[in-house]
Amino acid sequence: MNDETRKKWLPFAILATALVVWAGWFALGAYLEPSADQPRHDWRKPLIVLACMAAFLAFWGIALWRRSRRM
């Protein structure tokens with residue numbers, strides 16, 4: 001991978017990392033439920049949040065990959 005290609009993909013990698021951290025933060029909040037009257041720690045809620053983010057990033061990555069293959 002040459003230097004120009006790295007510079008091209010670096011903003012996308014930074015954005016994807018930020019989205020994963022953001023989803024992790026929401027997943028932690030979904031697990032802990034700090035404002036609920038009787039909080040229950042259900043492990044399925046953060047899995048749903050993380051699965052949705054993974055699906056979004058996979059769709060986005062496939063779209064970017066297909067676009068780069070056409071050019």
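The dialogue below covers the fold, surface and aromatic contacts of a predicted model.

Colleague: What makes up the secondary structure of the protein?

Modeller: The protein has 2 helices and 0 strands.

Colleague: Why is the protein called more spread out than a compact globule?

Modeller: Its radius of gyration is 17 Å. The globule rule gives 11 Å for 71 residues. The value is well over the rule, so the protein is more spread out than a compact globule. The C-alpha trace spans about 55 × 20 × 15 Å along the principal axes.

Colleague: How many of the residues count as buried?

Modeller: Of the 71 residues, 13% do. The cut-off for buried is under 20% relative accessible area. The protein exposes about 6200 Å², and carbon and sulfur atoms supply 67% of that area.

Colleague: What share of the contacts with a separation of 6 or more comes from residues 24 or more positions apart?

Modeller: Such residues account for 48% of those contacts.

Colleague: Where do the charges sit relative to each other, going by their mean positions?

Modeller: There are 10 positive and 5 negative charges, and their mean positions are 13 Å apart.

Colleague: How many aromatic pairs does a search of the whole structure find?

Modeller: The search finds 4. In one of them, the rings of Trp 9 and Phe 12 have their centres 5.5 Å apart.

Colleague: Why is the pair of Trp 9 and Phe 12 called tilted?

Modeller: Their planes stand at 55 degrees. Stacked needs under 30 degrees and edge-to-face over 60, and the rest count as tilted.

Colleague: What separates Trp 9 and Phe 12 along helix α1?

Modeller: Helix α1 covers residues 3-32.

Colleague: Why are Trp 9 and Phe 12 called partly exposed?

Modeller: Partly exposed lies between the buried limit of 20% and the exposed limit of 50%. Trp 9 has a relative accessible area of 30%, so Trp 9 is partly exposed. Phe 12 has 29%, so Phe 12 is partly exposed too.

Colleague: What makes the pair of Phe 12 and Trp 60 edge-to-face?

Modeller: The angle between the planes is 70 degrees. Edge-to-face needs over 60. The centres are 5.9 Å apart, and the limit for a pair is 6.5 Å.

Colleague: How do you know that this pair ties together parts 48 residues apart in sequence?

Modeller: Phe 12 lies in helix α1, and Trp 60 lies in helix α2, residues 44-70. So the pair ties together parts that are 48 residues apart in sequence.

Colleague: Why is Trp 60 called partly exposed rather than buried?

Modeller: Buried means under 20%. Trp 60 has a relative accessible area of 21%, so Trp 60 counts as partly exposed.

Colleague: Which residues form the aromatic cluster?

Modeller: Trp 9, Phe 12, Phe 56 and Trp 60 form one cluster.

Colleague: Why do Pro 11 and Ala 13 count as partly exposed?

Modeller: Pro 11 is in helix α1, and Ala 13 is in helix α1. Exposed means over 50%. Pro 11 is at 48%, so Pro 11 counts as partly exposed. Ala 13 is at 41%, so Ala 13 counts as partly exposed.

Terms used. Residues are numbered from 1 along each chain as its sequence is written. This is a predicted model: local features need pLDDT of at least 70, side-chain atom pairs count only at pLDDT 80 or more; totals for chains, interfaces and linings use all residues. Side-chain values use heavy atoms; hydrogens and water are left out. Helices (H or I, at least four residues) and strands (E, at least two) are DSSP runs, numbered from the N terminus. The radius of gyration is taken over C-alpha atoms; the globule rule is 2.2 Å times the number of residues to the power 0.38. Buried means under 20% relative accessible area, exposed over 50%, partly exposed in between (1.4 Å probe, protein chains only). Contact means heavy atoms within 4.5 Å. Accessible areas come from the Shrake-Rupley method with a 1.4 Å probe; for residues, only the protein chains shown count as cover. Lys and Arg count as positive and Asp and Glu as negative; His and the chain ends are not counted. The place of a charge is taken as NZ of Lys, CZ of Arg, CG of Asp or CD of Glu. Rings of Phe, Tyr and Trp (its six-membered ring) pair if their centres lie within 6.5 Å; planes under 30 degrees apart count as stacked, over 60 as edge-to-face and the rest as tilted.
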